[in-house]
Amino acid sequence: MEQTLSQSRRAFLGQTGKLTTACAVVGLTGGLAHEVSANTAEPVAEIGANMLTDRHYLLADVRLEEGFEYDGDTVIGTRTALYTVEIKDGKIAALHPANATLPSGVARYQAHGQLMLPAMRDMHIHLDKTFYGGPWQAPRPRQGKTIMDMIALEEKLIPQLLPTSQQRAEGLIALLQSKGSTVARSHCNIDPVSGLKSLEHLQRALENHRDDFVCEIVAFPQHGLLHSKVDGLMREAMQMGVHYVGGLDPTNVDGAMEKSLDAMFQIALDTGKGVDIHLHETSPAGMAAINYMIETTEKNPALRGKVTISHAFALTTLAPEALEETASRLAENQMTIASTVPLGALMMPLPQLSKAGVFVMTGTDSVIDHWSPFGSGDMLEKAYFYAQLYRGSDEFHLSRAMAIATGGVLPLDDEGKRAWPIAGDDAAFTLVGASCSAEAVARVPARTATFHQGRLVFGSIGKA
């Protein structure tokens, strides 16, 4: 009977992950999602977000990965054990194995045997403009529409979205936290229609979450840096605390690849900021832009490690030898690729980039807006898609796929030794009903609790 109950509970957990994702897509996270998540715990006293105020506490019965199980040289499973995790002042102070003597006089809470995973990172999202939190609204048909047509539509939509953009941004932050993400990079419109208003509203939203969420901001000239003549506004945004200079399709939108990229890089160099450009172009102009950005970074050492190319679809057009050469140059200049792990005809060469030493990260992009209705805000789901696309269905490759969702942080290294968590790490993690990372990637279970700097920011845990 006990075995049957355990199997049923695991099946339920696998289904709740999908249900929570579905809820997010239609804007129903919060009440229903929290109810589903709470049901994964044992029926004991629970405390939720905002109720855990201790700076020093113990979280008991946390499942941590200890190593791989092998059949010869093949990884066939993952060993785990239950620990009590001691958290103090936002850091993991110690990992106490079962039967260890625990510190006295310290508040105790219960994880119910759930698996601890590193906090997720949504590194490409648009928090400033979304239909999320409002009534359902599907995008207009895209067939036959150019990016300039979409920009024209956006010019009409932005004034309608601005009055509630702060509240909707905060709704998206709550969605990300419910999916285990406490770190993000948000692109924010800088355009003639909204001026700096979108940025001001986003910054207010982030200020309200300064203790439970970290977000870098990219000043994004969505209507074209040159086309919309926003160089001055972009420079003002840099003075308001923005972290990155954005850009968009320098040939298709601005009509002058070198001039557009030069203007973008000049703002970055003048202000000491980084660069994160949207590059969708798959024509030869797309690779010309990538090569030009590599050359610019090579000529300006101050840009090394500070340039991200988002999407970079032109890389899908390269022959293997050309891809290897380009990836090598990207890695040498510490340039990053941000990918949404797209499904469809464009098969991004993400494993090849990673193998070459290019840092690859992922993000949601749109969450229910006039561009796309499909964003779930779930980075674990991105790892799930990554594993499927690149045929990583075995235990080892499933566990490795999680790296794209966590900024490269994995519980076990490639040799099966614990790499996370260790004492001194930030207490940034999420709890899930899974036996190991591989199962979490394959089944995408609901996140039942999310922690940021030791604070419970979503979900609930048991009161011991």
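In this predicted model, helix α7 (257–271) and helix α8 (residues 284–299) pack at an angle of about 40 degrees, and α7 and α8 are therefore oblique to each other. The contact (heavy atoms within 4.5 Å) is made by M257, E258, L261, D262, M264 and F265 of α7 and A288, A289, Y292, M293 and T296 of α8. By class, these residues divide into 8 nonpolar, 1 polar and 2 charged.

A second pair, α4 and α5, is also oblique, and α4 passes α5 in a right-handed crossing. S165, Q166, A169, E170 and I173 of α4 meet H201, L202, R204, A205 and L206 of α5.

| Helix pair | Axis angle | Axis distance |
|---|---|---|
| α7 and α8 | about 40 degrees | 11 Å |
| α4 and α5 | roughly 45 degrees | within 8 Å |

Helix α6 (residues 231–239) has M234, A237 and M238 buried, that is, under 20% relative accessible area with a 1.4 Å probe and protein chains only. These residues cover an arc of only 105 degrees around the axis, which puts them on the same side of α6. The elements covering them include α5, β9, β10 and α7. G241, with a positive phi near 100 degrees, follows α6.

Residues are numbered from 1 along each chain as its sequence is written, and side-chain values use heavy atoms, leaving out hydrogens and water. For this predicted model, local features need pLDDT of at least 70 and side-chain atom pairs count only at pLDDT 80 or more, whereas totals for chains, interfaces and linings use all residues.

Key
Buried means under 20% relative accessible area, exposed over 50%, partly exposed in between (1.4 Å probe, protein chains only). Helices (H or I, at least four residues) and strands (E, at least two) are DSSP runs, numbered from the N terminus. The arc is that of the directions from the helix axis to the C-beta atoms. Axes are lines fitted to C-alpha atoms, for helices over the stretch in contact, and angles run from 0 to 180 degrees between N-to-C directions. Angles under 35 degrees count as roughly parallel, over 145 as roughly antiparallel, 65 to 115 as roughly perpendicular and the rest as oblique. A crossing is left-handed if the near helix is turned anticlockwise from the far one by less than a right angle, and right-handed if clockwise. Ala, Val, Leu, Ile, Met, Phe, Trp, Tyr, Cys and Pro count as nonpolar, Asp, Glu, Lys and Arg as charged, and the others, Gly among them, as polar.
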